[in-house]
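Have the structure open while you read.

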Amino acid sequence: MSAARLLRAQTIAGPAIVTLLLDVELISVTKRYGATTAVEDISLRITKGTYCCLLGPSGCGKTSTLRMIAGHEDISEGDIIIAGQNVSGLPPVKRGTAMMFQNYALFPHLNCLDNVAFGLKMRGVAKTERRAEAAKLLDMVQMGKYAHRLPAQLSGGQQQRVALARALITRPKVLLLDEPLSALDPFLRGAMREELKRLQRELGISFIHVTHSQEEALALADLVVIMDHGVIVQAGAPRDVFNAPATAFIARFMGGHNVIAQGNTTVAVRADRCRIIPGLGTEGVSGPVSSIEYLGAQVKVGIASSGDGEVVALVPDDQYFASPLETGMNVRLVWDASDAHPVSV
């Protein structure tokens, strides 16, 4: 690391005691593919034992960032520090990380036990020892009774558990997950979210999880990192990011917000904090009801606004059906001033 970059690293990390509490630190990391910049000058600190989700739309740079941490992509500029060591020039096997791929990448000719044990086999661990360790990991992910089945004999959720056990068998300092839930149906996705969070807490290591699902990030993460066009646009605790989006883009991307222009100010207001009043008026946003969608516990009511496009209220179902609406009715969307959060455009 150059003297200038070392100074930058020390400035970002703070005192040495802070550095010791970090699992991963990115310092001015950039990734270029020819003339295209996929990730531009990002810096991030992930403290020990953190579940971090990299979140953003397709092409925002989140997968490139994960692959640079793993060592599967070279960095163009900057440094990556893992457990206090600069790993920027090291191969994946020497970084103290393990990666769980989106397609699981299980060996079809090996049973679950040997799939999980494979990483230890490559490190020269004796067969009896590596299989015993693999059996423990399979038990941890509740797949012990399927140890002798081939991947083709497993469901998608079961294959994912085996892939997770295989990633964990080398006892990584950091586990990297590339959209691990995207291939699962909604019911299994919810179950596996709980499983991932349980394992992360039990193991006490940092997980860095790439996803395009806002719901997934909010449910799993201690730290949500939102990326757009190759840069980090906001990072923080899920509740902080959701309740206080920094920009109009983040408010729209996270969902559940209306972005409303008020003179020289633009504000984000959570849809579940909005109320609907019949008739037109100067308060709030007025317009005809454009859509009504029953969601079970709530009813989503859209209002066509000339200035802000469609704005939305999420109304508790009992309140809505006490005074139901019809499309075309003129109404006003209103909110308390304390629920309006200023955002940059």
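## Ground rules

Helix axes are lines fitted to C-alpha atoms over the stretch in contact, with angles running from 0 to 180 degrees between N-to-C directions. Helices themselves are DSSP runs (H or I, at least four residues), numbered from the N terminus.

This is a predicted model, where local features need pLDDT of at least 70, side-chain atom pairs count only at pLDDT 80 or more, and totals for chains, interfaces and linings use all residues. Residues are numbered from 1 along each chain as its sequence is written, and side-chain values use heavy atoms, with hydrogens and water left out.

## H6 against H7

Helix H6 covers residues 156-168 and helix H7 covers residues 186-203; their axes come within 11 Å and cross at roughly 20°. That angle makes H6 roughly parallel to H7, a label used for angles under 35 degrees. The crossing of H6 and H7 is right-handed, meaning the near helix is turned clockwise from the far one by less than a right angle.

On the H6 side, Gly157, Gln160, Arg161, Leu164 and Leu168 are in contact (heavy atoms within 4.5 Å) with Leu188, Met192, Glu195, Leu196, Leu199 and Leu203 of H7. Sorted by class, that's 7 nonpolar, 2 polar and 2 charged residues.

## H4 against H6

H6 also pairs up with helix H4 (residues 112-122): the axes come within 7 Å and cross at roughly 30°. So H4 is roughly parallel to H6, and this crossing is right-handed.

H4 brings Cys112, Asn115 and Val116 to the contact, while H6 supplies Val162, Ala165 and Arg166. The class tally for H4 with H6 is 4 nonpolar, 1 polar and 1 charged.

Methods. Helices (H or I, at least four residues) and strands (E, at least two) are DSSP runs, numbered from the N terminus. Angles under 35 degrees count as roughly parallel, over 145 as roughly antiparallel, 65 to 115 as roughly perpendicular and the rest as oblique. Ala, Val, Leu, Ile, Met, Phe, Trp, Tyr, Cys and Pro count as nonpolar, Asp, Glu, Lys and Arg as charged, and the others, Gly among them, as polar.
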